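This briefing is meant for a reader who is new to the structure shown below.

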Amino acid sequence: MNLKVILALGLMAVALVIGVTSFNKTVTPYISFAEARRSSGLVQVNGVLADKQYVMKQEQQYLSFRIKDDRGEVLPVEYHGVIPGNFDQATSIVAIGRYHDGKFTAEQLLVKCPSKYQAEAEKAGRSS
Amino acid sequence: MSLGQVFCWIAFFAALAAGLSFMAAAGGREGAWRPARIAYRVQWVALLGATAFLWYILFTHQFQYQYVASYSSRAMPSRYVYAAFWGGQEGTFVLWALITCSLGLVLMRLKHALTAPAMFFLNLPLVMLSLVTVMRGPFLLFPGGRIPLDGQGLNPLLQDPWMTIHPPVLFTGFSSLVAPFAIAMAALVKRDYDGWVKVVLPWSVFSLGILATGFIMGGVWAYKVLGWGGYWGWDPVENGSFIPWLSNIALVHGLLVQRVTGSLRRTNFFLAITSYVLVLYASFLTRSGVLADFSVHSFVNLGLNGFLLSFLFLVMTVGYGGLLIRLRDIPGPAQPLGNFSRESMMWLGQLVFMLMCALVAVGMSAPLITRLFGPPSNVQTSYYNLVNAPLAIAMGLLLGIAPLMRWRKQEAKAFLMAALPAVVAALVLALAAAALGVRDPIPMAVLFGAAFALAANTIVTVRGFRAGWKHGIAYLGHLGAATLLIGIIASSNYGRSVQVQLPEGQERAALGYRLRFEGMRQDREGKDHAMIAVNAPERRFEALPYMFWSEFNQGYMKKPHIERFVTHDIYISPLDMAGADPSARGVWFEKGETKQIGQAKYTFVDFDRQMGSELVRVAARMRVEIGGRTVPVRPVLEMNMKSGIPNSIPDYLPGGGSVQIASVDPNTGRVALEVPGMPRAQSGSILAVEVSTKPLINLVWLGAIVMLASAFMSVLRRVLDLKRTAPAQA
């Protein structure tokens, strides 16, 4: 075997190993609240704001609220960090984080707002 | 049927006619050439007509068209109206078809045996694209003759000069990969396994340069407008144009090897086909709505999934099928790839590009892959950095090694002698980096590789340019790439960043800078920006990041302030603003009073009160005139008498905006409301900002510009080569 083939095989092996380990390390499954309660790793949950009884402290950058999934299950979420600007208008919230001690601690929040733009486009797609 | 729709139909039938005639011409019928050209030109004129018509209805605000109503509005500055053309998916299909067709016009001018079959294959996607514009084009009217009074407008994020030219540039690059695909297919049909290399090289290098231009424009926009501090976010849309680019850059290097040594014939066919397959795969992923839950982009499913998939499978079947049929007919390498030679290093370089391509493709397909085993999941963006960093080390080293080597055979000793100065220079740079605080092994290794590439390519570039610009130009591109790599490592790994709250009028420290928030000011376009006096050791300056209310997004739009220095940028990005006193936030209304705020007219009718033992509820009955109709709105304020905590329950406007009670004055019967588009609180606010430094960010831009200059001069070189070998042609 010559040098370039050895190098090529080495590169491919490194890429494969790093690819598989990085994939497993960074993949965050979208799971139900029940599954989130059972899991220990970084996961993604989504739902709608269950009620308006949330606590928002801008200065401490603290947010605590409850989200509800489509089965009606409710999950308390706590978040430290910059609060998304249009949080209270969110139609759906994606929280990435971990579950422990009876609540979900989010590291990242993705807030989706009512986008008339998207709704209109979907309507347009169907009606034609 | 509208005129635009007529143009689309004409384009569709002309594409069919052109396709059949090109097939006949490719089969040897000389007589078919003329009708083929005519049909193809008719198609181009029809697409041009559709384009002109779309602009016409956009500029004349013909809101009976769904597309016009969805992506433009009367209030939009006219310099952005033209960009609404590609504001939505339907318009981008027209753009895609027009660009593909225009590139075909250029290819058609070439007098070469491969031209007719290549035109047939280039026309294939055009048939599919014009079919889309007919089915889901931008010329559909609202059903029942409904005409909205005004449109929705274009997302203000996209209302930026960089953003208005970025999509067409990226689309040109994206579409242009059809040319290498078509020429490769023509070569397979005609069994011209070497002659296509010269024909395809200018196209392939052109795609490389124009796609890179698109990336850089997108990067500048992200950095200057989006405010998260980076220029590349590994978003599905970015990845979608990055993977065909990687495959295409592998193709360019393979073509150069084939031209000199006659090897890699099969590999090059595979890469040319794969580049276009990846274009279509990425279009499918980003347009089908498959990723809708995984991206902040709005990916609307237009119901074209089946169609996009069949488009993809058609090209895959034709491409890979054609290659399989000819696989045994393609002769092996004229001379075997050397073991230790420039071409073997370039072959390794191709492998690195394709591994990057595969790993990025796996990452962006994560929701599809994981769906096979369980709930669909996505990878975090850190995945892309983790997998690409080790490959970037290999890339830097190969980038330095290959140009120092000779074609075919290299003596190890002579190579070591040639590489010595570059190794020494790289060691010096690496030591300097270590002295500046670079400690982690992986960034250090990437830096070393890039510094080695930088030094080696400086040597060969100077040597090349002495022999004539044609010999130095490619190395200059490598020089740019190495510079870019150093800039990326420095700016993304070694910047400092901190979030800080700035109460108005008070000084706060962050990263050794002293910042004082001095309030909000409106610019001439009516957009609010914050004024922050910054006292930095380098200089004093006033930072003016934008923070304005957007009707479109029903949220605050933010734009960072970037203070530029030679060695670094100070990047101040507004995050959020909160009024310290809620009553200062709202707009006060007397009973029966009407006020115009933003795009709506609000009238406060009366209060409804509900007294409980624990809870007091006050609802404000409002009438709101918005978009030509009047709606009742009833926001509520609840006060828990025990805890004294108020809870404000907003009510929603038809467009999605919310109306909320900020405060109630029981003595005068007035109410303060928070409504969309109201002026910002002028005092007593707290502004949250992120302050960060971006070391050596200028190397990113410098490297990118050098790379682009090299790419476009290389296109010129390859065109000149093609003309020289065929002086009587074209």
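B:K111 is exposed, because its relative accessible area is 54% (buried means under 20%, exposed over 50%, and partly exposed in between, with a 1.4 Å probe and protein chains only). This residue sits in the loop between α5 (89-108) and α6 (115-136) of chain B; helices (H or I, at least four residues) and strands (E, at least two) are DSSP runs numbered from the N terminus. The model is predicted, so local features need pLDDT of at least 70 and side-chain atom pairs count only at pLDDT 80 or more, while totals for chains, interfaces and linings use all residues. Residues are numbered from 1 along each chain as its sequence is written, chains are lettered from A and ligands numbered from 1 in the order in which they are written, and side-chain values use heavy atoms, with hydrogens and water left out.

**Surface patches**

- B:K111 gathers with B:R41, B:R109 and B:K723 in a patch of positive charge on the surface.
- Patches are made of residues with over 30% relative accessible area and no salt bridge, like charges being joined within 9 Å and nonpolar side chains (Val, Leu, Ile, Met, Phe, Trp, Tyr) within 5 Å.
- A nonpolar surface patch of about 820 Å² has among its members B:M1, B:W9, B:F13, B:L16 and B:V42.
- Helices α1 (3-26) and α2 (33-59) of chain B each supply at least two residues of this nonpolar patch, and α1(B) gives the most, with six residues.
- B:L16 lies in helix α1 of chain B and is partly exposed, with a relative accessible area of 35%.

**Aromatic pairs**

- There are 38 aromatic pairs over all chains (rings of Phe, Tyr and Trp, the last by its six-membered ring, pair if their centres lie within 6.5 Å; planes under 30 degrees apart count as stacked, over 60 as edge-to-face and the rest as tilted).
- The pair of B:F181 and B:Y276 is stacked, because the ring centres are 5.4 Å apart and the planes stand at 25°.
- B:F181 belongs to helix α8 (residues 178-190) and B:Y276 to helix α11 (residues 265-287) of chain B, so their pair ties together parts that are 95 residues apart in sequence.
- B:F181 counts as buried at 0% relative accessibility, and B:Y276 counts as buried at 0%.
- The pair of B:Y383 and B:Y384 is edge-to-face, because the centres are 5.2 Å apart and the planes stand at 80°.
- B:Y383 is buried, with a relative accessible area of 0%, and B:Y384 is buried, with 3%.
- Ring pairs link B:Y383 and B:Y384 into a cluster whose members include A:F23, B:F215 and B:W232.

**Salt bridges**

- The count of salt bridges over all chains is 18 (a side-chain nitrogen of Lys or Arg within 4 Å of a carboxyl oxygen of Asp or Glu).
- In the salt bridge of B:D194 with B:R265, the closest N and O atoms are 2.8 Å apart.
- B:D194 lies in the loop between α8 and α9 (196-226) of chain B and B:R265 in helix α11 of chain B, so this pair ties together parts that are 71 residues apart in sequence.
- B:D194 is partly exposed, with a relative accessible area of 37%, whereas B:R265 is buried, with 10%.
- B:E638 forms a salt bridge with B:R617, and their closest N and O atoms are 2.7 Å apart.

Methods:
Areas by Shrake-Rupley, 256 points an atom, 1.4 Å probe, with all protein chains shown as cover. Lys, Arg positive; Asp, Glu negative; His and termini not counted. Charge placed at Lys NZ, Arg CZ, Asp CG, Glu CD.
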